[in-house]
Each structure stands twice: as structure tokens, then as C-alpha cells.
Amino acid sequence: MNMIDDIKEVLIDAGQLAERVKELGEEITIDYAGKEILMVGVLRGAVIFMSDLARAVQVPVAIDFMAVSSYGASTSSSGVVRILKDLDEDLNGRHVLIVEDIIDSGLTLNYLVDNLKARNPASLKLCTLLNKPSRRKATVHVDYNGFTIPDYFVVGYGLDFDEKYRNLPYIGILKPAAYQK
Ligand code: XMP
Ligand code: MG
């Protein structure tokens, strides 16, 4: 069975992703001129986006990762956020840019922003590839937004369902049959 058979529709193709990542990189390069960024990727969905974004930025970028409790094999948020892997870096005095794959309810990021702010960074901003504002339950200030999307469950370019589809080079809408089986 090919992964592509589970995709109902391509929402954002590889060319559109590359173009938007380039634009975000240019914006970030201007905003952080003369500074060094510490990108904090939220595992595991943000990995592919962050690896492209870091290379689209022309100021020095250090990277670190955090893992928080995620949906597992379900497609809706439990609202419970747990740190499964904490950062290795000290945030004190650093310019921290959180990089996320998607903001849905906002519960994860609402928690993470407060948690990282308490570690005394010089600045803290948030960059998300995708944003589903229609599903928001908690307030999140997004500094850099790749694409605002409707309320579909999407996969690809790092986003998974049950650890599948992360390596699709585009953002696709999953057929309901693929998560009902
Ligand atoms: P919240 O609801 O806290 O959740 O903003 C953000 C996290 O939920 C996952 N998520 C998705 N993953 N397709 C996915 O593959 C989706 O459409 C989707 N919506 C939410 C994702 O891990 C994100 O970090
Ligand atoms: Mg995620």
C-alpha cells in the first residue's frame, strides 16, 4: 500500500512550501540582524520544517529540541501537556525562536511559551508552519505564520498520523478512511 493512496488532496505542494520557507527566512534574517538565534524545535513534527527554515536564515542559528506529549494515535488534543524531553541549552540571555509544525487548539504552545519565558531568554518568538485558528482553545501569539489552513487533519512535511506520512514532501489532507482503520 502506497502512502499516496491515503491522501485525499494536496493542500500545499512542495513548491509552495519552499517559497514560503524562503520568505519566512528572509523576514527572520531582517528581524534578527546582528543577533544569534536559538531555534527550539518541537519534536517530532517540526523537524523537517525547521531544517529547511534554519538554512533559509542568514544569521547564526543554534538548534535545540523539546518533546512534549502529543496526540499519539488520536487526532484530537487531550489538553494535557507533558515535557518528555527538555532542552539541553540554557535560555538565559538567548534569542529564542520556537519552531512548530502546526498550532491547532494552541494548548501545547500556550504551555510552552510560558514555560520557556520563565527561563529568562533575551527574547522569545514563535514561528509555525501551519495555523488552524478555527480550533483555538488557548491564546497564542504567532510571530511568524507559514500558512493559515482550514480545519482538516493534515499530514506530510514532518506531520504524521500515527508516525506515518512525515516524509511526504507536501502537506496533504488525509482520507478519513486512513485514520478510521
Ligand atoms: P495543539 O492542539 O496543542 O496541538 O495546538 C498542536 C500539535 O497537535 C498536532 N496536530 C496535528 N498533527 N495533523 C497532524 O499531523 C494535524 O492536522 C494536526 N493538528 C494538530 C501536532 O503535533 C501539533 O504539534
Ligand atoms: Mg507537533
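Tutor: Let us start with a definition: two strands pair if DSSP finds at least two bridges between them. In this structure, which is a predicted model, β1, β9 and β8 form an open sheet in that order, and their pairing is antiparallel.

Student: Which strands stand at the edges of this sheet?

Tutor: The edge strands are β1 and β8. Each has a single partner strand, so one side of each is left without a neighbour in the sheet. As an example of the pairing, β8 and β9 run antiparallel and are joined by two bridges. V155 has G172 in β9 as its bridge partner.

Student: How many helices and strands does the chain have, and in what order do they run?

Tutor: The chain has four helices and nine strands. Read from the N terminus, the order is β-α-β-α-β-β-β-α-β-β-β-β-α. The radius of gyration is 16 Å, close to the 16 Å that the globule rule gives for 181 residues, so the chain is as compact as a globular protein of that length. Along its principal axes, the C-alpha trace spans about 50 × 35 × 25 Å.

Student: What is the general idea behind a nonpolar core, and which residues have the most contacts inside the largest one here?

Tutor: In soluble globular proteins, nonpolar side chains tend to be buried together. Here the largest nonpolar core has 38 residues, and those with the most contacts inside it are M39, V40, F49, L97, I98, V99 and Y157. Several elements each supply at least two residues of this core, including α1, β2, α2 and α3. The largest share, six residues, comes from β5. As for Y157, leaving out residues up to four places away in sequence, it touches L17, I48, F49, L168, P169, Y170 and I171.

Student: Is β5 largely enclosed or open, and how many of its residues are buried?

Tutor: Eight of the nine residues of β5 are buried, so it is largely enclosed by the rest of the structure. Strand β5 pairs with β2 in the parallel sense over five bridges, and I37 stands opposite H95 in β5. Eight bridges join β5 to β6, which also run parallel. There, I103 stands opposite N131 in β6.

Student: Is F147 buried, partly exposed or exposed?

Tutor: F147, which lies in strand β7, has 17 C-beta neighbours inside 10 Å and therefore counts as partly exposed. Setting aside neighbours within four places in sequence, its contacts are I12, R20, L129 and L130.

Student: What should I look for in the backbone itself?

Tutor: Most residues other than glycine have a negative phi, and most peptide bonds are trans. The peptide bond from L43 to R44 is cis, with omega near -5°, and R44 is in the loop between β2 and α2.

Student: Where do N120 and E163 lie, and what is the phi of each?

Tutor: N120 is in the loop between α3 and β6 and has a positive phi of about 65° although it is not a glycine. With 12 C-beta neighbours inside 10 Å, N120 counts as exposed. E163 is in the loop between β8 and β9, and its phi is near 70°. E163 is exposed, with 9 other C-beta atoms within 10 Å.

Methods
Residues numbered from 1 in each chain as written. Chains lettered and ligands numbered in written order. Predicted model: local features only at pLDDT ≥ 70, side-chain atom pairs only at ≥ 80, totals over all residues. Rg over C-alpha atoms; globule rule 2.2 N^0.38 Å. Core = buried A, V, L, I, M, F, W, Y, C linked by C-beta atoms within 7 Å. Buried ≥ 20, exposed ≤ 12 C-beta atoms within 10 Å, placed from the backbone. Contact = placed C-beta atoms within 7 Å.
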